[in-house]
Amino acid sequence: ALGGVALIVWGMLGQFRSDAPGLALAREQAVELARKTWEDAGVKLDPAQGWVAMAYVDGPGGNEDDFVWKTSGPATYEKLMGNYLAPPLWVVRFARFTGDIGERAEEYHVFLRGAGEVYRIKHALPEARKGAQLSGERVSAVAEGAIQRVYGLGAGKLKTVSSDQTQHPDRKDWLMIYSEALPKDLLKEGEARLAVRVAGDEVAGYRRWIDIPEE
């Protein structure tokens, strides 16, 4: 089964296949590692409580990869692969399909690379879930703290691009987007971006990518 997965992944990589790392996990291993990731964070995704695990492989080769390869070259592509360019990933999703329909909107995702390293996470909350109503300064501290913890980047290396809020009945969510100025001799075009989603006062997701100019 793992051999079949490897063939699918490499087939998806196209011209980038020689520069993208492979996956060393079977589906069952990915699901268990993802479940443990959330358990370590205090979330028990018990199948007996209706949590169903689904997993699929997602590979590079999209617009961002093509853009970096063509504008900055293979060396930059290789350096950014695995950080601002997503490597091949196991995407594991936990969801429920029984019980209260509003609560079923809650989902947990883990994106795993290589031998099982966590690349990113995502927690989707029900709209009616109660939570904090953070102000701009407080949410910035939460988001920048997450970036420091996950990526090792201090606030001094970040520039705020946008801060969008969504007001729910009893909770305020924020999407904070930052940029990191990479050397021009590394990334000739585009911008390195980081996003943190804050639900109430919880870090509900984070990711990095290369933003492609509209022109």
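**Close-up views of pockets, salt bridges and rings**

**View A. The lining of the second largest pocket divides into 8 nonpolar, 1 polar and 4 charged residues.** Nonpolar covers Ala, Val, Leu, Ile, Met, Phe, Trp, Tyr, Cys and Pro; charged covers Asp, Glu, Lys and Arg; the others, Gly among them, are polar. This is a predicted model, in which local features need pLDDT of at least 70 and side-chain atom pairs count only at pLDDT 80 or more, while totals for chains, interfaces and linings use all residues. Residues are numbered from 1 along each chain as its sequence is written, and side-chain values use heavy atoms, with hydrogens and water left out. Strands E4 (117–124), E6 (171–180), E7 (191–199) and E8 (202–211) each supply at least two lining residues (strands are DSSP runs of at least two residues and helices of at least four, numbered from the N terminus). Strand E8 gives the most, with 5 residues. The volume is about 180 Å³, taken as the space filled by probe spheres set on grid points joined across faces, edges and corners.

**View B. The largest pocket holds about 340 Å³ of space.** Its lining has 21 residues, and Asp58, Glu64, Ala86, Leu89 and Arg120 are those nearest its centre. At least two residues come from each of strand E1 (51–58), helix H3 (63–72), E2, E4 and E8. By class the lining has 11 nonpolar, 4 polar and 6 charged residues.

View C. Glu32 and Arg35 meet at 3.9 Å, N to O (the cut-off is a side-chain nitrogen of Lys or Arg within 4 Å of a carboxyl oxygen of Asp or Glu). Arg35 is buried at 13% relative accessibility, whereas Glu32 is partly exposed at 48% (buried is under 20% relative accessible area, exposed over 50%, partly exposed in between, with a 1.4 Å probe and protein chains only). Lys36 is partly exposed at 44%; Asp40 is exposed at 57%.

**View D. Glu107 and Arg93 form a salt bridge with closest N and O atoms 2.6 Å apart.** The pair links distant parts of the chain, with Glu107 in strand E3 (residues 107–113) and Arg93 in strand E2 (residues 89–96). Glu107 is buried at 17%, and Arg93 is partly exposed at 26%. Elsewhere, salt bridges link Arg96, Glu103, Glu106 and Arg129 in a network. The whole structure has 10 salt bridges.

**View E. The structure holds 4 aromatic pairs.** Trp38 and Tyr108 are edge-to-face, 4.8 Å centre to centre with 70 degrees between the planes (rings of Phe, Tyr and Trp, the last by its six-membered ring, pair with centres within 6.5 Å; planes under 30 degrees apart are stacked, over 60 edge-to-face, the rest tilted). Trp38 in helix H2 and Tyr108 in strand E3 are 70 residues apart, and both are buried. Trp69 and Tyr77 are also edge-to-face, at 5.3 Å and 75 degrees; both are buried. Ring pairs join Trp38, Trp51 and Tyr108 into a cluster.

**View F. The charged end of Arg120 sits over the ring of Phe111, 4.2 Å from its centre.** The cut-offs are NZ of Lys or CZ of Arg within 6 Å of the ring centre and within 35 degrees of the ring normal. Arg208 lies over the face of Tyr84, at 5.0 Å from the ring centre.

Technical notes. On a 1 Å grid over the protein atoms alone, a cavity is a set of points where a 1.4 Å probe fits but cannot get out, and a pocket is an open set with protein on both sides within 12 Å along at least five of seven lines; lining residues have an atom within 4 Å of a point.
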